[in-house]
There are 4 protein chains.
Amino acid sequence: IMLNPRLLRVRSALMRQCMAEFLGTLVLILFGLSAAAQVTTSRQTKGQTLSIHLSWAVGVIVGFDFSSGAHLNPAVSLCFCILGKLRWGQLLPYCLSQLLGAYVAAALVFALYYDAIMDFSGGVLTVYGPNETASIFATYPSEYLTLGGSFLDQVVGTGTLLLCILSLTEKRNTPAPPDLIAPIVAGIVLGIIMSMSANCGAALNPARDLGPRLLMLTAGWGTEVFTCYNYWFWVPIVAPITGALAGTSLYLFFIEWQLPDEPLENKNNCKLKVYYATGVNFPARLPPEGESKSALS
Amino acid sequence: IMLNPRLLRVRSALMRQCMAEFLGTLVLILFGLSAAAQVTTSRQTKGQTLSIHLSWAVGVIVGFDFSSGAHLNPAVSLCFCILGKLRWGQLLPYCLSQLLGAYVAAALVFALYYDAIMDFSGGVLTVYGPNETASIFATYPSEYLTLGGSFLDQVVGTGTLLLCILSLTEKRNTPAPPDLIAPIVAGIVLGIIMSMSANCGAALNPARDLGPRLLMLTAGWGTEVFTCYNYWFWVPIVAPITGALAGTSLYLFFIEWQLPDEPLENKNNCKLKVYYATGVNFPARLPPEGESKSALS
Amino acid sequence: IMLNPRLLRVRSALMRQCMAEFLGTLVLILFGLSAAAQVTTSRQTKGQTLSIHLSWAVGVIVGFDFSSGAHLNPAVSLCFCILGKLRWGQLLPYCLSQLLGAYVAAALVFALYYDAIMDFSGGVLTVYGPNETASIFATYPSEYLTLGGSFLDQVVGTGTLLLCILSLTEKRNTPAPPDLIAPIVAGIVLGIIMSMSANCGAALNPARDLGPRLLMLTAGWGTEVFTCYNYWFWVPIVAPITGALAGTSLYLFFIEWQLPDEPLENKNNCKLKVYYATGVNFPARLPPEGESKSALS
Amino acid sequence: IMLNPRLLRVRSALMRQCMAEFLGTLVLILFGLSAAAQVTTSRQTKGQTLSIHLSWAVGVIVGFDFSSGAHLNPAVSLCFCILGKLRWGQLLPYCLSQLLGAYVAAALVFALYYDAIMDFSGGVLTVYGPNETASIFATYPSEYLTLGGSFLDQVVGTGTLLLCILSLTEKRNTPAPPDLIAPIVAGIVLGIIMSMSANCGAALNPARDLGPRLLMLTAGWGTEVFTCYNYWFWVPIVAPITGALAGTSLYLFFIEWQLPDEPLENKNNCKLKVYYATGVNFPARLPPEGESKSALS
C-alpha cells in the first residue's frame with residue numbers, strides 16, 4: 001500500500017493551530033500530572049514536591065516545542081484576544097483544543113499509573129481521605145481556606161503570570177532574548193507554583209483543572225469531583241480568568257501605556273481604545289489569516 | 001466611555017524608572033516571601049528550604065523583566081551612584097520605590113496567606129515561639145549569633161553579591177553574554193542564599209527587610225518586630241550597605257583599576273578620582289536625562 | 001620515543017562516529033548509574049532521588065559534548081534510520097557502540113563503588129531484598145505492576161521522548177535555538193524521569209538497561225538479573241523501541257506532514273512513502289559518506 | 001587627598017592573571033564551603049546535600065566571572081601546560097594563586113560561621129565524631145573505603161572532568177556555544193559531585209582540598225587534619241592530578257587526534273609530539289605574553 005502523507009495534511013490554518021494547542025497542552029499536563037502521580041503513589045519515595053514543581057516547568061518548555069506562540073491556557077488566549085494578538089473567532093477553538101489536550105493527558109496519566117493508583121488507593125477512587133487520588137489530577141483547597149481566600153489566591157497567581165509573561169515579550173521594551181522566552185516562562189511558572197500553590201494547588205489555567213476533572217468524572221471517581229468542597233470546581237475556572245484580566249490591566253497601566261508610540265506605520269493602533277469602548281474585535285496588527293507562527297501552520 | 005491610554009502616560013522619565021523599580025522589587029519580594037509562607041504554613045509539606053531559595057532566584061529573573069537595568073536593592077543603587085552609573089538625585093526616589101514595592105509585596109503575601117497564617121499561628125501573630133510567623137516576612141538572627149557575627153555575615157554576603165554583579169557587566173572585560181545576565185545574577189543570588197543564609201537569613205537588601213517589617217508593624221505583629229533581639233532590625237539595613245561598599249571597593253581594586261583605559265573619547269573618565277576626592281557627583285558617562293534603559297522609560 | 005598522533009587516527013568515518021556514540025553513551029550512563037550508586041550506598045545521606053534524576057540530565061548534556069548529533073540510544077538511532085537521517089547500514093554499528101559504552105560505564109561504576117557496594121550489601125550481590133544492589137545498574141518493575149502496565153509505561157515514556165526531540169529540531173518549523181538543543185533535551189529527559197519512572201525506572205533506552213545488566217551478569221550478580229520478575233529484562237529492550245516508533249508516528253502525523261513542502265531542490269523527498277511501502281532504505285537527503293556532523297568524524 | 005587609581009594598576013600581565021585565578025578560586029571555594037557550613041551547622045534545617053552540590057555549581061559560574069579562561073584548579077592548569085595552552089613558567093604562579101584563594105576563602109568561611117561552628121561543635125574543633133567540623137572544609141574518605149578505592153575515585157572523577165571540559169571547547173570540533181561554556185562546565189561539576197562524591201567528597205582539585213586544610217591547621221583543628229585516616233591528605237592532591245592526566249590522554253586519543261588537521265598556518269603544530277618526546281615546553285600557538293584573555297589582563 002502506498003501512503004501519501006500529503007493526503008493527511010490539514011488544510012485549515014486554524015485547525016493546525018488548534019492541533020498545536022492540543023498537543024502542547026497535552027504534553028504540559030502530561031508532565032505535571034504524571035509527576036504528581038509518581039510522587040503520590042510512591043508515597044514520596046520516588047520524588048518529592050519539588051519534582052512535581054520542576055515537572056510543570058519542563059512541561060512549559062516542551063509545550064512551546066510545538067508552537068513558538070503557544071498559549072496552552074484559555075485565560076492566556078482570552079487576554080491575547082483582548083490585546084489584539086488573537087482573533088475573537090479563534091478563542092473558542094483554542095480553548096476547546098486546550099481542554100481536549102488536558103483531558104487526553106489526564107486519560108494517559110490514568111492509564112500509565114492505573115496499576116499504581118489501584119495499589120495506592122486499595123482499588124477505591126476517592127476524593128477525600130488518606131488514600132485519595134483525586135488530587136493527582138485536579139486542584140483542591142486546603143482545609144483552612146475560605147472561599148474568598150481561594151479566589152484571591154488564584155487571582156494573584158494568574159495575575160502575576162500574565163503580568164510577567166506580557167512584560168517579557170513586549171517588543172518596544174527591552175525584551176527578553178527570544179531564545180530564552182521558553183525557559184524564562186518556565187521559570188516564572190516554577191516560581192509561582194513553588195510560592196503560591198499551598199492554598200489550592202496553583203491551577204492558574206482553567207483547562208488544566210477542568211480537563212482532568214472531567215476525566216475523573218468519566219473514569220470512576222464519580223460526581224463528587226465536582227460537588228466536593230461545596231462545588232468548589234468553579235474557582236479554578238473563573239478565578240484564573242479574573243486574575244489574567246487583572247494581570248493584563250496591570251501590564252497595560254505599568255508597561256504598555258508608558259512605552260513610546262510605535263513608528264508611524266502602526267500609528268492607527270487604536271485597538272485597545274476601540275475594544276474597551278465597544279467590545280468589538282478590531283483586527284489591526286493581526287497577521288493575515290494563515291500567517292501566524294504556529295508550528296503546525 | 002472612551003478611554004485614551006495616552007492620558008495615563010507618566011511624563012517624567014524618573015517617575016517611569018521608579019515605577020519599574022517599584023514593580024520589579026514588588027515581584028522579587030512577592031516570590032520570595034510567598035515561597036517562605038508556603039513552606040512555613042504547610043509545615044514543609046508543600047515545599048522545602050530549597051524551594052524558598054529557588055523562588056528568590058526566580059524573583060530576580062522576573063524582576064529584570066520590567067527593566068533591563070533594574071537595581072531592586074537600595075544598596076545596589078547606592079553603589080551605582082558611587083560608580084557614576086546613577087545620578088545622586090535619583091538615589092532617594094529609587095530607594096523609596098524599592099521600599100514601597102517591598103511593602104506592597106509583603107501586604108499581598110499577607111492577604112494571599114491570611115487564612116494559612118491564621119490557621120498556622122492559631123490566630124496570634126508573634127515574633128517568637130514555634131508558631132511564630134514573623135520569619136516569613138523579615139530576617140532574624142540565629143540564637144547562637146553575636147551582633148558582630150551577624151554584621152559580618154551581611155557584609156560578606158552583600159559584598160560577594162556586588163563584587164560578582166559588577167564584574168559580570170564590566171564592558172571592557174570579557175563580559176557575560178547580555179542574554180544571560182539575568183539568569184546569572186539569579187544564580188549568584190541563589191548561591192549566596194544557599195550558602196550564607198544560615199546565620200541571619202541573607203537579607204542582602206535593606207528594602208527586602210525593612211519593607212516587610214513595616215508591613216508587620218501595621219498588620220498586627222506589633223512593635224516587637226522592631227524591638228526583638230535587642231533592636232536587631234538595623235543590622236539588615238546598615239550591614240548590606242556596608243557590604244555593598246566593600247564589594248564595590250574590591251571590584252575597583254581587582255577589576256576596574258586593572259583594566260586597560262577606555263578609548264580616547266571616554267578619556268576624561270575621571271569620575272572615580274573626583275568622587276573619592278570630593279564626594280560630588282560627576283556626571284561623565286551618564287546618559288542624558290530620559291535616555292536610560294529602564295523598561296518603563 | 002617519538003609518538004606521532006597521526007598514526008592513531010581512525011580512518012573510517014563510521015568508526016569515528018561509533019567512537020563518539022561509545023564515548024557519549026559511556027559518559028551518559030556513568031553519570032546516571034554512579035548517582036544511583038551514591039544515593040543508594042549512602043542510604044540517601046549523600047543525595048536523594050532528585051540528585052539521580054538531575055544527574056541523568058547532566059549526562060545528556062555531556063553526552064552531546066562528543067558529537068552534536070549524538071543518539072546515545074538504539075531506539076533513537078532506529079527512528080533516525082526510518083526518518084532517513086541515518087543509513088540502515090550504520091544502525092547496527094551505532095547500537096553496538098552504544099551498548100558497549102553502557103557496559104563499560106557500568107563496569108566503571110562497579111569499580112568506583114566496589115567498596116561501597118560491598119559494604120552496603122554485606123558482600124552479597126543480590127537482585128531482591130533490602131540490601132539489593134541490582135537496581136543501581138538496571139531497571140526493575142514495581143511490585144504492583146502488571147506486565148501490560150510496565151510495557152505501556154515504557155511505550156509512553158519513550159514515545160514522549162521521541163515526539164519532543166523530533167519536534168525540537170525540525171528545521172521547517174520554528175526550531176529551538178541550536179545553542180539550547182542540548183539543555184532542552186536534558187530538560188525533557190529530566191521531566192520524563194521525574195514523572196514517569198515510578199513504575200519501572202524509565203529506562204527509555206535499550207542500551208541503558210541491557211549494558212549494565214550484562215555487566216552484572218559477568219560481575220557476580222548471576223543469571224538472576226535476567227530471570228528475575230519472570231524474565232522481565234526484555235521489556236526495557238522491546239518497549240522503548242515500540243514507544244520510539246509510536247512517538248515518531250505521532251511526530252509525522254502532527255508535525256512533519258503538516259509542514260509546508262521544502263524548497264524545490266529537495267522535492268524528490270519521497271523517502272517516507274518509499275519506506276512505508278517497501279521497507280527498503282532510500283538514501284535521499286542523507287549526507288554523503290563521511291560528511292555527517294559527528295564530533296569525531 | 002587625591003587618589004589616582006592608575007597608581008594601583010598592576011603592570012605585569014602574569015600578575016594580573018594570577019589575581020584573576022586568586023579571586024575566581026576564592027569565590028568558587030567560598031560558595032562551596034559556606035554552603036557546607038550552612039547545611040552542617042544548621043543540622044540540615046537550612047539546606048540539604050543538594051544545596052551544597054548546587055552551590056559548587058554556582059561557584060564555578062561565578063569563578064569564570066573574573067576571567068573567561070579561568071582554571072581555578074592546579075590540575076587543570078597542569079593539563080593546559082601539557083596541551084600547550086599555558087606556559088610552563090606560568091604554572092607555579094597559577095597554582096600558588098589558586099591555593100592562596102582557597103586558603104583565604106576557607107578563612108572567610110571560618111569567620112562567617114565562627115559563631116555557628118562554635119555552637120555546633122561545643123567549642124571543640126575536631127576531625128572525628130558526631131560534632132566534627134573538619135568535613136566542612138576538607139574532604140575525608142568514607143569508613144568503608146580502601147586507599148586504592150579512594151585513589152581510583154578521584155582519578156575517575158577528575159578524569160571525567162577534564163575529558164568533558166577539553167571536549168567542550170575544542171574549536172575544530174562542533175564546540176559548545178561560547179555563551180554557555182560557564183553554565184555547562186558548572187553542570188558538569190554538579191553532575192560529578194552529585195554522582196561521585198559519596199566515597200571521599202569529590203575534591204577534584206588539589207587547591208580546593210589543601211587550602212582549607214592549611215587553614216584548619218592554623219585555625220585550631222591541629223595537625224590531626226593532616227595525620228587523620230593514616231595521612232590520607234595526599235590523596236586529594238595526587239589523585240586529581242593523576243586523573244586529570246588520564247582524562248587529558250583520553251581526550252587526545254578520542255578527540256584531538258581524530259580531528260582533521262588545522263589549516264596550513266597552524267601546520268607546524270607539533271607541540272604534542274615534542275612534549276611527549278622531550279618534556280620541554282614548546283610555545284607554538286601560545287598567545288604572545290600579555291595577550292591572554294584573562295579578565296584582569
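Which residues form one aromatic cluster with F110(A)? The model is predicted, and in it F110(A), Y114(A), F137(A) and W221(A) make up that cluster.

Over all chains, the structure holds 40 aromatic pairs. One of them joins F151(C) and W234(C), a tilted pair. This pair links distant parts of chain C: F151(C) belongs to helix α7 (residues 147-169), while W234(C) lies in the loop between α10 (224-231) and α11 (235-254), 83 residues apart. F151(C) is partly exposed, at a relative accessible area of 23%, and W234(C) is also partly exposed, at 34%, because both values fall between the limits of 20% and 50%.

A second example, in chain D, is the edge-to-face pair of F110(D) and F137(D). Here too distant parts of the chain are linked, with F110(D) in helix α4 (residues 88-112) and F137(D) in helix α6 (residues 134-137), 27 residues apart. F110(D) has a relative accessible area of 13% and is therefore buried. F137(D) is buried as well, with a value of 0%.

The geometry of the two pairs is set out below.

| Pair | Centre to centre | Angle between planes | Class |
|---|---|---|---|
| F151(C) and W234(C) | 5.9 Å | 40° | tilted |
| F110(D) and F137(D) | 6.4 Å | 70° | edge-to-face |

Charged groups also meet aromatic rings. In chain A, the charged end of K85(A) sits over the ring of F80(A), 5.6 Å from the ring centre. In chain D, K85(D) lies over the face of F80(D), and the distance to the ring centre is 5.6 Å.

Key. Residues are numbered from 1 along each chain as its sequence is written. Chains are lettered from A and ligands numbered from 1 in the order in which they are written. This is a predicted model: local features need pLDDT of at least 70, side-chain atom pairs count only at pLDDT 80 or more; totals for chains, interfaces and linings use all residues. Side-chain values use heavy atoms; hydrogens and water are left out. Rings of Phe, Tyr and Trp (its six-membered ring) pair if their centres lie within 6.5 Å; planes under 30 degrees apart count as stacked, over 60 as edge-to-face and the rest as tilted. Helices (H or I, at least four residues) and strands (E, at least two) are DSSP runs, numbered from the N terminus. Buried means under 20% relative accessible area, exposed over 50%, partly exposed in between (1.4 Å probe, protein chains only). A charge sits over a ring if NZ of Lys or CZ of Arg is within 6 Å of the ring centre and within 35 degrees of the ring normal.
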